[in-house]
Amino acid sequence: MSQRPGADQGHVAQLLIELVTNPRDPGYEAAAARRGGAPSRRWYDAPLVAMACAVIGFVLVIAYVHTHRAAPETAKVRQSLIARVHAAESHGNALASSARTLNNELNALRGKALTGAGALTGELDQEELLAGQVAVHGPGLQVELAEPTSSSTTAGPGRAGTVPITATHILSDRDVRSVVNELWADGAEAISVNDVRLTPTSAIRFAGQAVLVDFQPISSPYTIRAIGPAEQMDTAFASSAVASRYQTLVGADGIGFTFGEHNDLSLPASPAAAPRYAHVPSPTPTRTKGTR
Amino acid sequence: MIAFLALAIGVVVGFILRPTVPTWMEPYLPIAVVAALDAVFGGVRARLDGIFDAKVFVVSFVSNVVVAALIVFLGDKLGVGGQLSTAVVVVLGIRIFSNAAAIRRHLFRA
Amino acid sequence: MLTALLGFAIAVQVHANSQSDSLAGLREDDLIGILDNQNARADRLRQQISELQRSLRSLQNSGNASAAARQQAEQEAQALGVLLGTLPATGPGVVVQVADPHHKLHGEDVLDVVEELRGAGAEAISFGGVRVSTDTAFGDVDGTVAVDGTPLQPPYTVLAIGEPKTLDTALNIPGGVAAAIRADGGSLTVRERASLTISVTRTLPAPRYAVPSGH
């Protein structure tokens with residue numbers, strides 16, 4: 001303990017040297033030195049080795065049996081879980097399409113009944129469009145963000161029972177959000193992400209490894225379509241901090257990042273629910289705390 | 001020889017009995033496996049180097065298992081069980097690799 | 001020959017990865033999370049469908065179709081006005097105070113707060129006196145956070161109308177926005193309110209490029 005830094009370095013160096021030069025086990029070395037080189041011949045040698053080997057064989061088999069006993073169960077559970085997710089997805093899609101059909105029916109019926117109330121319907125139509133309830137098309141900008149194509153496989157850490165992740169994710173919900181935010185700032189009138197239309201209540205979030213837009217899971221590549229003044233948006237987006245950030249990542253991490261003007265982009269509708277908690281205050285305002 | 005025969009017998013007995021591992025023993029199973037493999041590789045290499053000693057073989061296996069189990073047990077009590085378990089597996093794994101490399105050199109002179 | 005084998009193995013691995021179902025690679029917890037979200041989406045859609053059916057039925061059954069339609073249209077206009085921010089809104093919700101004494105927060109950090117609120121079901125949001133809508137953009141102007149180009153000074157008061165407990169929980173998830181803001185030396189406090197009013201509104205620019213697809 002007298003020369004502390006030197007002694008510490010010595011330990012670390014010892015470890016590294018041992019790793020690299022691969023010396024023989026010191027236990028065996030010492031025993032051989034004591035014996036003087038000739039192989040030992042004690043009476044208990046063979047039985048001892050035999051017993052140890054039997055135990056080792058036994059341990060290895062126990063471990064194997066134990067691991068594989070659980071495997072079919074966990075695989076089955078996973079499969080059923082994946083099946084349930086798929087079923088929920090298609091159920092949700094079916095509901096969404098019937099909601100769209102009903103919406104169209106309602107609009108048609110209303111249109112017929114409201115002939116003459118031009119101002120009201122005009123305003124309503126415009127609001128519906130901006131709220132994402134109507135499918136639209138028009139010129140605009142399309143931005144594509146993609147995970148690097150050579151995804152490295154990372155085995156998940158941990159003990160038995162966990163399933164390894166098969167791809168690393170560099171892009172997250174924040175990246176999609178940044179692009180969308182920038183597009184709104186650059187003059188977009190309507191935006192869709194992987195064909196999910198953004199509404200006033202849509203959120204772009206993260207659940208584990210999947211990006212969720214308005215509760216719907218999407219995966220790379222992320223196609224963001226924004227309708228608006230194409231040339232103006234292109235110039236503004238190209239010179240934005242967001243665009244230069246992802247341009248750098250293309251070189252650094254190999255992500256895919258492209259954007260370009262389009263003459264005619266199509267965005268689907270996303271029927272928005274009527275608000276359940278918020279409503280317009282009644283004409284006689286009641287004094288409540290927190291008004292601004 | 002005797003060693004391989006005994007190993008085979010242990011394997012067969014294991015498959016016949018198919019014991020269930022109690023849950024408290026589960027975290028120590030990977031440790032035991034890696035310690036066992038380390039003892040085997042170390043023993044084979046010592047044999048090929050001509051310095052094999054039965055006592056060292058048995059003692060090294062038993063002590064590896066006991067010490068590793070103690071470390072993991074302590075780690076579990078202190079909240080670093082998973083990480084220490086990984087550390088033990090990594091260190092013994094490195095030893096297995098270097099012993100295997102030495103064995104390779106003996107067998108293939110490569 | 002070995003390198004050829006290696007190359008083949010890499011090719012097979014890449015092919016396998018690109019082909020696999022995007023769900024197959026996820027952990028169990030993630031799958032369960034996605035399932036929960038799908039169920040939430042289904043609930044929301046079912047609710048929408050029942051509302052639409054109700055409106056349809058009342059239109060079809062009413063004697064004076066025109067008046068009923070007008071009333072429905074007005075109701076819908078109000079609902080959309082609340083969501084888009086053209087009308088004041090009132091209801092239960094939360095009042096969030098975001099302090100940023102070191103001025104370390106950027107537009108994108110603030111955007112995280114708003115997205116978290118939206119994800120938790122906020123129907124009307126105002127940030128620092130500016131009403132938030134679909135196309136509200138958060139950025140930075142001369143080093144200060146700007147909402148739709150208007151620079152704001154911290155501390156920021158955020159009002160959000162929705163289910164108070166859900167909104168509160170969403171902001172305070174361990175490792176979520178509250179933690180991120182605290183890591184930057186700021187603070188985020190949430191107070192649940194049984195009733196609050198957002199009176200600030202905004203005007204909506206008429207869409208000039210987006211045209212209904214007519215189906």
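A: One begins with a definition: two strands pair if DSSP finds at least two bridges between them. The model shown here is predicted. In it, Ala89(C) has Ile198(C) in β8(C) as its bridge partner.

Q: How many bridges join β1(C) and β8(C), and in which sense do they pair?

A: Ten bridges link β1(C) and β8(C), and the sense is antiparallel. β1(C) also pairs with β7(C), in the antiparallel sense, over six bridges.

Q: Which strand does β2(C) join, and over how many bridges?

A: Strand β2 (residues 124-127) of chain C is joined by four bridges to strand β7 (residues 156-161) of chain C, and the two run antiparallel. Ser126(C), for instance, has Leu159(C) in β7(C) as its bridge partner.

Q: What is the order of the strands in the sheet?

A: The order in chain C is β3-β2-β7-β1-β8, an open sheet of five strands with antiparallel pairing. Each of β3 (130-132) and β8 (187-198) of chain C has a single partner strand, so one side of each is left without a neighbour in the sheet; these two strands stand at the edges. On average, neighbouring strands of this sheet are turned by 20 degrees against each other, direction ignored.

Q: Which helix packs on this sheet?

A: Helix α4 (residues 107-119) of chain C does so, touching β1 (89-99), β2, β3 and β7 of chain C. The direction of this helix makes about 165 degrees with that of β2(C).

Q: How does one read an interface between two chains?

A: The size of an interface is often given as the accessible area lost when the parts come together.

Q: At what angle do α3(A) and α1(B) cross, and with which handedness?

A: The axes of helix α3 (residues 45-113) of chain A and α1(B) cross at roughly 35 degrees and come within 7 Å. The crossing is right-handed. Residues of α3(A), including Ala46(A), Cys53(A) and Phe58(A), meet residues of α1(B), among them Ile2(B), Gly10(B) and Phe15(B). The residues of this contact divide into 19 nonpolar, three polar and no charged.

Methods. Residues numbered from 1 in each chain as written. Chains lettered and ligands numbered in written order. Predicted model: local features only at pLDDT ≥ 70, side-chain atom pairs only at ≥ 80, totals over all residues. Axes fitted to C-alpha atoms, helices over the stretch in contact; angles between N-to-C directions. Contact = placed C-beta atoms within 7 Å. Left-handed = near helix turned anticlockwise from the far one by under 90°. Nonpolar A, V, L, I, M, F, W, Y, C, P; charged D, E, K, R; others polar.
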